Amino acid sequence: MKFTLALGAILATTAAAFAPAAVAPRAVAVSTTAVNSFSSDIFEVRSVDMAGTTEQIVKGGRDLFPKLPKAFEGIKEIGVIGWGSQAPAQAQNLRDSLDEAGCDIKVRIGLREGSSSFEEAREVGFSEDADTLGEMYDIIGKSDLVMLLISDAAQAALYKEVFAAMKPGATLGLSHGFLLGYLESIGESFPEDMDVIAVCPKGMGPSVRRLYEQGKEVNGAGINASFAVHQDKSGKATDLALGWGVALGSPFMFETTLTSEYCSDIYGERGILLGAVHGIVESLYRRYQRQGMSPEQAFIESCESITGNIVKIISTKGIKAVYDGLNDDDKKIFEEAYSASYMPAKEILQEIYDEVSSGNEIRTVIMHGKRIDKFPVGKIDGTDTWQVGEKVRESRDEENIPLNPFTAGVYVATMMAQI
């Protein structure tokens, strides 16, 4: 919402008026010391150079599946709790990888009684008859590794019951650091008698599964993942986390912390990954109509230009390729839009970062969850932009989606401001 309101005001005015003053370049100290230094008794840890910084990673691949029995040593039963974006993909990938590795480990799905997701889980091979599908607390109590993949709001509401249901010596697995942020915000912490780890794929659940399937033909195809070891009572938490990542099909894994993960994740979602894109699209959609475009053309020049062209170029050729591919006149338009947008976007993003890092954003999410029944949130499909977009997409010509230079300038400026 911050982006929708703030950028709407910015983009309604003349772009050149917001051109930032020149900023002198500053010296940047470059460290040659390895960051995220960790070790593994099972997987090879490699050092890679990233822009002058040495970072340690583990390279995944199906050729590492024979190492999974040792990585999962002591784990006989895994409970995947929930059925949102990540749970279906992670549960299926784990099940398939552990089967291929010859591990005698049962992967179960745990859901709330009466959940509509039971049928969806059955459709991909989990069932009560096979003892791979059941009520969540029953599954939690049986599991040596509890992968808690329910929503942030549900984690905040149910964490006490989850901890109480876990058997002694079980490991808590997460794919988001939100629960740590919430516990810290209320002065609590994880029980000290358990390992707490996280494996966080850098993509939505459906892509985690789709690229895993692709990896059956192309070794190394998959979604990269960060991992974190928050508590290591057993001394085996790092290898278990890495084994989890390998079993998900992650081609590369790098270390983080739960705190860094939830701060970067929420900051990204509120910024260029979700919130900023929505704000940019809504603002430009209105701007272009004020300039005389039809609603349909305004949607094409804003949303379609970003999702159907700009993002694809960035994904395959890099950010600078967006600018390099423009003609001279369009480069001038890009530069005006970029100059108008960079500093205002950076200011908004700084506010978002401060809200996230201070814990305010997490507290806001929890308070919102408590009042949502009384004050429900409107759906995005009720907006004029969305409704026009449905009509546009019906007749979309993938080969002729324009790259609007003003839209590109705003989008790239916001992305660079966040970076």
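Colleague: Of the contacts in the chain between residues at least 6 apart in sequence, what share joins residues at least 24 apart?

Modeller: That share is 76%, with contact meaning heavy atoms within 4.5 Å. Please keep in mind that this is a predicted model, where local features need pLDDT of at least 70 and side-chain atom pairs count only at pLDDT 80 or more, while totals for chains, interfaces and linings use all residues. Residues are numbered from 1 along each chain as its sequence is written, and side-chain values use heavy atoms, leaving out hydrogens and water.

Colleague: How many helices and strands are there in the chain, and what makes a stretch count as one?

Modeller: The chain has 17 helices and ten strands. Its radius of gyration is 23 Å, close to the 22 Å that the globule rule gives for 419 residues, so the chain is as compact as a globular protein of that length. Helices (H or I, at least four residues) and strands (E, at least two) are DSSP runs, numbered from the N terminus. As for the rule, it is 2.2 Å times the number of residues to the power 0.38, and the radius is taken over C-alpha atoms. Along the principal axes, the C-alpha atoms fill a box of roughly 65 × 55 × 45 Å.

Colleague: Is His-176 buried or exposed, and how do you know?

Modeller: The relative accessibility of His-176 is 13%, so it counts as buried; the cut-offs are under 20% relative accessible area for buried, over 50% for exposed, and partly exposed in between (1.4 Å probe, protein chains only). In the chain as a whole, 48% of the 419 residues are buried. His-176 sits in the loop between strand 7 (171-174) and helix 7 (178-185). Setting aside residues up to four places away in sequence, His-176 touches Asp-152, Cys-200, Leu-258, Glu-261, Tyr-262, Asp-265 and Ile-266.

Colleague: With which side chain does the side chain of His-176 make a polar contact, and what makes a pair of atoms qualify?

Modeller: The partner is Asp-265, at 3.4 Å. A polar contact is a pair of N or O atoms within 3.5 Å; within protein, one must be able to donate a hydrogen and the other to accept it, and residues adjacent in sequence count only if both atoms are side-chain atoms.

Colleague: Now the loop between helix 4 and strand 5. Why is Glu-128 called partly exposed?

Modeller: Glu-128 has a relative accessible area of 38%, so it falls in the partly exposed class. Asp-131, in that loop too, also counts as partly exposed because its relative accessibility is 28%. The phi of Asp-131 is near 60 degrees, a positive value in a residue other than glycine. The side chain of Glu-128 makes a polar contact with that of Arg-122 at 2.7 Å. Beyond its neighbours within four places in sequence, Glu-128 is in contact with Phe-118, Arg-122 and Leu-133.

Colleague: How do you know that the length of helix 12 agrees with expectation?

Modeller: Helix 12 (residues 295-317) has 23 residues, so at 1.5 Å a residue it should span 33 Å; its end C-alpha atoms are 31 Å apart, which agrees. The expected span is 1.5 Å times one less than the number of residues. Helix 11 (residues 275-290) agrees as well: its 16 residues should span 22 Å, and its ends are 23 Å apart.

Colleague: Where is the kink in helix 12 centred?

Modeller: On Ser-305, with a bend of about 60 degrees, taken as the angle between axes fitted to the seven residues ending there and the seven starting there. Gly-318 follows helix 12 and has a positive phi, near 105 degrees.

Colleague: Which strands are joined to strand 6 by parallel bridges, and what makes two strands a pair?

Modeller: Four bridges join strand 3 (residues 77-81) to strand 6, and three join strand 6 to strand 7. Two strands pair if DSSP finds at least two bridges between them, so both cases qualify. Ile-81 stands opposite Leu-148 in strand 6, while Val-146 stands opposite Leu-172 in strand 7. Leu-145 and Met-147 point one way from strand 6, Val-146 and Leu-148 point the other way, and all are buried.

Colleague: How many bridges join strand 1 to strand 2, and which way do these strands run?

Modeller: Five bridges join them, and they run antiparallel. The two strands form a hairpin with two residues between them, and Ala-51 in the turn has a positive phi of about 55 degrees.
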